[in-house]
Amino acid sequence: SLGPMLVSGGECFNAVVNTCRNFVIKSKSGSMIKQAGVFLIQNDALVAMTPQEFVAEDDFQKLLSQYPDLLVGDQIDPEAPRRWILAKREQAISTGELNAAIWSIDHVFLDQDGIPTLVEIKRKSDNRLRREVVGQMLDYASNCTTYWTADTLQTGFEQTCKEAGRSPEEVLSEHLNGEQAPEHFWLAVQRNLHSRTLRLLFVAD
């Protein structure tokens with residue numbers, strides 16, 4: 001299941017931190033038991049889906065790229081569920097030193113309000129998840145709001161669409177659902193970057 005873990009406001013940006021975890025319940029003995037919570041009707045039989053770990057982190061990244069709705073938008077904002085488009089996988093982040101891009105974020109999504117949403121995927125076995133990775137994400141956020149522009153993300157989005165064999169105009173039109181013009185959307189992206197308004201998500205298996 002995917003649910004909010006922490007909402008944190010910083011001096012330079014607004015952050016929402018989520019995590020994706022296996023669903024667990026307690027048995028009568030008090031031990032924790034993993035439950036799939038998902039069933040498949042197959043040949044008139046109800047088959048419980050068994051949770052399995054991803055072989056590689058890249059498999060998880062590809063799955064999220066293909067199915068952004070895995071970031072459950074109504075858990076972030078029940079009144080106005082978030083919708084997502086993928087701007088770029090492995091979007092480079094500069095530190096400003098000789099214009100060098102020494103970092104990259106796993107995914108950058110944009111919601112319908114043009115809020116850049118940075119997503120880092122980590123294995124639950126990664127013991128850095130609680131400290132080092134959080135600090136790393138804050139560094140990413142600080143630098144991307146300094147060195148990214150709406151053009152940076154628009155170029156990444158267009159490249160992503162090209163690689164998927166889709167028209168950027170078509171993908172963006174579906175995302176906006178007639179609520180605003182594309183040029184207004186990219187202006188909103190620029191305003192959010194300028195005001196250092198971001199959403200940060202951690203997703204773990």
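This is a predicted model: local features need pLDDT of at least 70, side-chain atom pairs count only at pLDDT 80 or more; totals for chains, interfaces and linings use all residues.
Strands of a sheet pair through backbone hydrogen bonds, and the pairing may be either parallel or antiparallel. For β8 (residues 101–110) and β9 (residues 116–122) the arrangement is antiparallel, with four bridges joining the two strands; Phe109, for instance, has Thr117 in β9 as its bridge partner.

**Helix α5 and its buried side**

In helix α5, which covers residues 168–176, the residues Val171, Leu172, His175 and Leu176 are buried. Because these residues cover an arc of only 125 degrees around the axis, they lie on the same side of α5. An α-helix has 3.6 residues a turn, so residues three or four places apart point the same way. The cover over the buried residues of α5 includes the strands β7 and β8 together with the helices α4 (150–163) and α6 (182–194). Just after α5, Asn177 takes a positive phi of about 55 degrees.

Arg82 is found in the loop between α2 (73–76) and β7, and its relative accessibility of 8% makes it count as buried. Leaving aside neighbours within four places in sequence, the residues in contact with Arg82 are Gly73, Asp74, Ile76, Asp77, Asp111, Gln112, Asp113 and Arg199. The side chain of Arg82 also makes a polar contact with the side chain of Asp111, at 3.0 Å, and another with the side chain of Asp113, at 2.7 Å.

A search of the whole structure finds 10 salt bridges, and the table lists some of them.

| Salt bridge | N to O distance |
|---|---|
| Asp77 and Arg82 | 4.0 Å |
| Asp113 and Arg82 | 2.7 Å |
| Glu120 and Lys122 | 3.5 Å |

The Asp113 and Arg82 pair meets through the side chains in a salt bridge. Asp113 lies in the loop between β8 and β9 and Arg82 in the loop between α2 and β7, so this pair ties together parts that are 31 residues apart in sequence. Whereas Arg82 is buried, Asp113 is partly exposed, with a relative accessible area of 40%. Asp77, another salt-bridge partner of Arg82, is likewise partly exposed, with a relative accessible area of 24%.

In the salt bridge between Glu120 and Lys122, Glu120 counts as buried at 3% relative accessibility, and Lys122 counts as buried at 7%. Salt bridges that share partners join Asp77, Arg82, Asp111, Asp113 and Arg199 into one network.

How values were computed: Residues are numbered from 1 along each chain as its sequence is written. Side-chain values use heavy atoms; hydrogens and water are left out. Two strands pair if DSSP finds at least two bridges between them. Buried means under 20% relative accessible area, exposed over 50%, partly exposed in between (1.4 Å probe, protein chains only). The arc is that of the directions from the helix axis to the C-beta atoms. Contact means heavy atoms within 4.5 Å. A polar contact is a pair of N or O atoms within 3.5 Å; within protein, one must be able to donate a hydrogen and the other to accept it, and residues adjacent in sequence count only if both atoms are side-chain atoms.
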